[in-house]
Amino acid sequence: MSSVENKENKKQNKEKKMKKLNIETIKTIIITILITAIIAFIGGMQYQKNQTEQVKAEAATIVKNVKVEVSKQ
């Protein structure tokens with residue numbers, strides 16, 4: 001094998017390694033984004049549930065206060 005062929009093979013191997021690394025990096029980024037999105041979605045659902053419970057409690061209090069006012073009159 002000549003020196004030129006040897007250098008070409010090394011260059012091709014290096015390019016293959018870089019492509020493989022780039023693909024792995026992209027996979028890692030995509031997985032990270034998906035996991036973050038899932039966590040954000042679950043957190044949003046939990047927040048919505050808490051807000052709904054708070055609104056229900058406030059509405060019940062308002063209805064109770066209105067009943068008290070109506071009964072006083």
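Me: Is Ile42 buried or exposed?
Reply: Ile42 is exposed, at a relative accessible area of 51%; exposed means over 50%, buried under 20%, and partly exposed in between, with a 1.4 Å probe and protein chains only. This is a predicted model, where local features need pLDDT of at least 70, side-chain atom pairs count only at pLDDT 80 or more, and totals for chains, interfaces and linings use all residues. Residues are numbered from 1 along each chain as its sequence is written, and side-chain values use heavy atoms, with hydrogens and water left out.

Me: Which helix is Ile42 in?
Reply: Ile42 lies in helix H1, residues 3-72. Helices are DSSP runs of H or I with at least four residues, strands are runs of E with at least two, and both are numbered from the N terminus.

Me: What nonpolar patch is there on the surface?
Reply: Ile38, Phe41, Ile42 and Met45 make one, with about 430 Å² of accessible area together. Patch residues have over 30% relative accessible area and no salt bridge; nonpolar side chains (Val, Leu, Ile, Met, Phe, Trp, Tyr) are joined within 5 Å, like charges within 9 Å. Areas come from the Shrake-Rupley method with a 1.4 Å probe, and for residues only the protein chains shown count as cover.

Me: Ok, salt bridges. How many in the whole structure?
Reply: The search finds 1, between Glu24 and Lys27, whose closest N and O atoms are 3.8 Å apart. The criterion is a side-chain nitrogen of Lys or Arg within 4 Å of a carboxyl oxygen of Asp or Glu.

Me: Where do Glu24 and Lys27 sit relative to each other in helix H1?
Reply: They are 3 residues apart, which is about one helical turn. Glu24 is partly exposed at 40% relative accessibility, and Lys27 is partly exposed at 45%.

Me: Now the whole chain. What is the secondary structure count?
Reply: The protein has 1 helix and 0 strands.

Me: What's the radius of gyration?
Reply: It is 31 Å, while a compact globule of 73 residues would be near 11 Å. The radius is taken over C-alpha atoms, and the globule rule is 2.2 Å times the number of residues to the power 0.38. Along the principal axes, the C-alpha atoms fill a box of roughly 105 × 10 × 5 Å.

Me: How much counts as buried?
Reply: Of the 73 residues, 0%. The protein exposes about 7100 Å², with carbon and sulfur atoms supplying 64% of that.
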